[in-house]
Amino acid sequence: MNIYSRKKRWKWILFSLAVVIVAVSLWYTNILVREIAMDERSNIRIWADAIHQKAELVNYTDEFFKQIKEEERKRVELLADAYRIVTLVDENEALSFFQKFFADNITIPVILTDSRGKIKITKNIDFDPDTMEFLKGDLRVRFMEYPPVKIPYEGNQHDYLFYTDSRLFTELRIVIDDLVESFFSEVVINAASVPVIITDSAKNVLEYGKLDPKKASDSLYIQNTLKHMADDNEPIEIELADKGKRYIFYQDSELLKRIMFFPYFQLGVIGIFLFISYILFSSARRSEQNQVWVGLAKETAHQLGTPMSSMMAWIELLKMEGQNSETIVELNKDVERLKKITERFSKIGSEPKLKNENIVKVVYDSVEYIKSRSSKKVSFKILQPHNLEINVPINLHLFEWVIENVCKNAIDAIGGDGKIEVDIQEEEKLVLIDITDDGKGIPKSKFKTIFNPGYTSKKRGWGLGLSLAKRIVNEYHKGKIFVKSSVLNKGTTFRIILRKEES
């Protein structure tokens, strides 16, 4: 098992472990969220029940006050009836009866006047009888809230009994009115912290609470919110004293909504954290690989320099001794090749200078070099003629290395017996170079892996050729190299894309 297979296995193991950790975390968080949501909804139900109970209490209190009011009226009417009966017997006895009744009455404000409005008797009224002989002005207005009781006596003569609500009843009436008014305020400012909208029977908004005031001024927003509230919870119908029907719309609190979305937020945060971690670690790994690449290349160039210099000296010595055989010529070629290799390695890690070169000639020269060092069973074919000129900015020594490495990979794929075909296509801004072999092919899952440093399918090999080719094309020439297509046991096509102008 090579390093990338082990790495892939460990990636899947760590990924599976991360999925398990995230799943367990989300599962437990969801349990907590559901419990909190249940408590929150329970509080909302308790709040809604309390609204119903308080509304019933308000209505009961109002009904109770109405009964008190009716009882007070009956007492006044009873007084009038009693006075009417008594006057049939004796006027003095009637006045005595009234005086006794008035003395016992400590709550209901009453005034007895004659037919002209002259005040005879008063009770439970704050005013000075010496300053007012007749019932008139504001006092009369106050006592005209209810029709006066007419009390006839001795033929056509009659008195009037004026009355109004008792002070106790008036104070209680103020209390009930305040209670009704404060009822809706308490609904709006609720302890359950739920968004609330109160409307009348025509769905006109009367009050609202726990809503954004800026948004609440938008009628469309209010209508949409009412619809959502009605979908979430049945509106509470309330009918209060003399106020008509009111509807209380409400929905889940903002806290509950945030809690319900918390697991998804948590998942997003974990995902972002893992993504950033992956980017940072990948960047650090690439930086380390770059340092290793540069260090290895520089050291290789340095180590090649010493023996190469020695070989050059020996060749010159042989020439001085008159040796000019074919062996010396071939040795000189190999030394030149070593010089080119050394120059290639020395350029790794530094910004190479690009120069316009005829890419067709470069490909022909590189293929010719590989052809002379390959098996005769390997057939090379370049589809474009040798004299075609397509200029592209490249670093000659480095790009020759790319062509050589891809061709060597193709020779390994065909097992030293097969065909290699090179196609060069010119577009408006790009040049495409396709190198095709009829070898064993590459699985689709390995299309990217084969460019990783150290990846190789051979028992002996470092797996650096394609990795170097990718670095040279992508980083130094701002182009692309990738597997265009591949079919197992039929062949593979590598594509190199170069820009016709420097970016």
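A nonpolar core is a set of buried Ala, Val, Leu, Ile, Met, Phe, Trp, Tyr and Cys residues joined through side-chain atoms within 4.5 Å, where buried means under 20% relative accessible area (1.4 Å probe, protein chains only). The model here is predicted, with local features needing pLDDT of at least 70 and side-chain atom pairs pLDDT 80 or more, while totals for chains, interfaces and linings use all residues. Residues are numbered from 1 along each chain, and side-chain values use heavy atoms, without hydrogens and water.

**Exercise 1.** Find which residues touch the most other members of the largest nonpolar core.

*Solution.* Start with the core, which has 44 residues. Those touching the most other members are Ile359, Val363, Phe399, Ile424, Ile433 and Ile496. Next, look for the element that gives the most to this core: helix 10, with ten residues. Helices are DSSP runs of H or I, at least four residues, numbered from the N terminus. Now pick Ile433: leaving aside neighbours within four places in sequence, its contacts (heavy atoms within 4.5 Å) include Ile359, Val363, Phe399 and Ile496.

**Exercise 2.** Work out how helix 9 packs against helix 10.

*Solution.* First, take the axes, which are lines fitted to C-alpha atoms over the stretch in contact, with angles from 0 to 180 degrees between N-to-C directions. Helix 9 (residues 359–372) and helix 10 have axes 9 Å apart and an angle of about 50°. Finally, list the partners: among them are Ile359 and Val363 of helix 9 and Phe399 of helix 10.

Notes: Buried means under 20% relative accessible area, exposed over 50%, partly exposed in between (1.4 Å probe, protein chains only). Helices (H or I, at least four residues) and strands (E, at least two) are DSSP runs, numbered from the N terminus.
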